[in-house]
Amino acid sequence: MAIKEPSITASPNRGLALTAGSLLALWGFLGFFFAADGDPGFFSREGGMLWNAFGVNPAMCLLWILLAVVLLITSLGTTIGARNGNRLVGVVLVVMAVYGFALGETSANVFALTFADNLFHAIIGVVLLLTAFGADHENVRAIRAAQRA
């Protein structure tokens, strides 16, 4: 008997990948409009402000768009793919948060990161990682068992 791939609503990893991917796509798309308010350089330290909280420059917006593409594509695929996409994007966002908290006030801040950006990256990254490592165990186990049979 073949095991059917869980739907987006039945798989926490697929659902979260779709939700977080949509959020990052929205942030990245809108950020391009506000990035022009600051220094016009691609890696400018002083970018524009999105909703008066998030620092944005073209490099940060492009990163958000790329991460959104990974999440959206994996959310439309399999549960295992969504879980791996959540892990990858979660790690990147947590690294960005640590980078921002450590180097946000230095000249190495090439993504125009603010405290709000760092907090956003930390929260989304940790939620993605917790979901990737803690959810869908039974779905993945059933899919792998069906593949072996």
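**The chain as a whole**

The model is predicted. Its protein chain holds five helices and two strands. Read from the N terminus, the order of elements is α-β-β-α-α-α-α. A box of roughly 60 × 25 × 20 Å, taken along the principal axes, is filled by the C-alpha atoms.

The chain has 149 residues, and 43% of them are buried.

| Property | Value |
|---|---|
| Accessible surface of the protein chain | about 7700 Å² |
| Share of accessible surface from carbon and sulfur atoms | 71% |
| Share of the residues that are buried | 43% |

Charge is even in number: the chain carries 8 positive and 8 negative side chains. The centres of these two sets lie 21 Å apart.

A20 sits in helix α1, which covers residues 12-35. Is A20 buried or exposed? A20 counts as buried because its relative accessible area is 6%, and the cut-off for buried is under 20%.

Which residues does A20 touch, leaving aside those up to four places away in sequence? The contacts are L71 and L128.

A53 lies 33 residues from A20 along the chain, and the C-alpha atoms of the two are separated by 19 Å.

Conventions
Residues numbered from 1 in each chain as written. Predicted model: local features only at pLDDT ≥ 70, side-chain atom pairs only at ≥ 80, totals over all residues. Heavy atoms only, no water. Helix = DSSP H or I, 4+ residues; strand = E, 2+ residues; numbered from the N terminus. Buried < 20%, exposed > 50% of the residue type's maximum accessible area, 1.4 Å probe, protein only. Contact = heavy atoms within 4.5 Å. Areas by Shrake-Rupley, 256 points an atom, 1.4 Å probe, with all protein chains shown as cover. Lys, Arg positive; Asp, Glu negative; His and termini not counted. Charge placed at Lys NZ, Arg CZ, Asp CG, Glu CD.
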